[in-house]
Amino acid sequence: MPVVQTSTDDVFINCPFDDAFAPTFRALIFAILVCGFRTRSARELDDGGQTRIDKIFALIEQCRYGIHDLSRTELDAVNNLPRFNMPLELGLFLGAKRYGGQHQKVKRILILDVEQFRYQRFISDLAGMDIHEHGGDPTRALREARDWLANVSRRELPSADRVQCVYKAFLADLPDLAAVLEFHPDRIPYVDFERVVGRWLIEAPAAIGAA
């Protein structure tokens, strides 16, 4: 099999896709893009000829970095069951890092949760790993992502304060940006949201400078 090198620009986001988590998901996307990296998510793929797990395998294989949020542990209101997608994808990422070739072993992982030590009550096998707490606050998640990317990449990135201010400016412009595309600002599909952020970062230097 051909050796797949991990991209040093690609950041895999493994997180809930429900409406309640959407503000944090958008904040993570923004933090990654404004820091000069590329977001990767299962939401970017819609290929009916490929199973979902095969899509996840490919994404994980390609990405040097992975952000994994374990916030959703409560029971689903409809089925009275928890969601296991996030722990599964974290396990796949850890497995690739542990058992993959030389290009997989250099993977770096950020694990997020609402509380730093809550994992001990539902996934104790992570004992000894550094879990980052965001308290359900999108801004804290954004800052955690920025600081972690600076640490693992060793790149010179804008400060967390700067990223937060720029994001605030973007959110102020988002309703108008969405209206142009005929989207509700809270209902922009993943791929379109990524494009909106990228275009705004290029075309709104005045807003960025004033943030």
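Reader: Why is R108 called partly exposed?
Author: In this predicted model, R108 has a relative accessible area of 36%. Buried means under 20% and exposed means over 50%, so 36% falls in between and R108 is partly exposed.

Reader: Where is R108, and what is R108 in contact with?
Author: R108 has its place in strand β4. Leaving aside neighbours within four places in sequence, its contacts are R64, Y65, G66, F93, K97, W148 and V152. Take K97 from that list: K97 and R108 are 11 residues apart in sequence, and their C-alpha atoms are 8.2 Å apart in space.

Reader: F93 is one of those contacts of R108. Which residues are buried in α3?
Author: In α3, the buried residues are M86, E89, L90, F93 and A96. Seen down the axis of α3, they fall within an arc of 120°, so they line one face of the helix.

Reader: What covers the buried residues of α3, and what does the face turned away from them carry?
Author: The cover includes β1 (7-14), α2 (52-62), β3 (63-69) and β4 (108-113). The face turned away from the buried side carries R98 and Y99, which are exposed.

Reader: How do you know that the span of α3 agrees with what a helix should have?
Author: Helix α3 runs over residues 85-99, which is 15 residues. At 1.5 Å a residue it should span 21 Å, and its end C-alpha atoms are 21 Å apart, so the two agree.

Reader: What about α6: which span should its 14 residues have, and which do they have?
Author: At 1.5 Å a residue, α6 should span 20 Å.

Reader: What puts the buried residues of α6 on the same side?
Author: The buried residues there are Y190, F193, V196, V197 and W200. They cover an arc of only 120° around the axis, which puts them on the same side of α6. On the other side, I202 and E203 are exposed.

Reader: How do α5 and α6 pack?
Author: Two packed helices are described by the angle between their axes and the distance between the axes. For α5 (residues 160-180) and α6 (residues 190-203), the angle is about 115° and the axes are 11 Å apart. Their crossing is right-handed.

Reader: Which residues make the contact, and of what class are they?
Author: From α5 come V166, A169, F170, D173, L174 and L177, and from α6 come F193, V196, V197, W200 and L201. By class, the contact has 10 nonpolar, no polar and one charged residues.

Reader: Why is F30 called buried?
Author: F30 has a relative accessible area of 0%. The cut-off for buried is under 20%, so F30 counts as buried. F30 lies in helix α1 (residues 22-34). Its contacts beyond four places in sequence are L142, V163, V166, Y167, F170, V197, W200 and L201.

Reader: And what makes I131 count as buried?
Author: I131 has 2% relative accessibility. I131 lies in strand β5 (residues 131-133). Not counting residues up to four places away in sequence, I131 touches I111, D113, E115, Q116, Y119 and L126.

Reader: How many residues apart along the chain are I131 and G198, and what separates their C-alpha atoms?
Author: I131 and G198 are 67 residues apart along the chain, and their C-alpha atoms are separated by 29 Å.

Terms used. Residues are numbered from 1 along each chain as its sequence is written. This is a predicted model: local features need pLDDT of at least 70, side-chain atom pairs count only at pLDDT 80 or more; totals for chains, interfaces and linings use all residues. Side-chain values use heavy atoms; hydrogens and water are left out. Helices (H or I, at least four residues) and strands (E, at least two) are DSSP runs, numbered from the N terminus. The expected span of a helix is 1.5 Å times one less than its number of residues. Buried means under 20% relative accessible area, exposed over 50%, partly exposed in between (1.4 Å probe, protein chains only). The arc is that of the directions from the helix axis to the C-beta atoms. Contact means heavy atoms within 4.5 Å. Axes are lines fitted to C-alpha atoms, for helices over the stretch in contact, and angles run from 0 to 180 degrees between N-to-C directions. A crossing is left-handed if the near helix is turned anticlockwise from the far one by less than a right angle, and right-handed if clockwise. Ala, Val, Leu, Ile, Met, Phe, Trp, Tyr, Cys and Pro count as nonpolar, Asp, Glu, Lys and Arg as charged, and the others, Gly among them, as polar.
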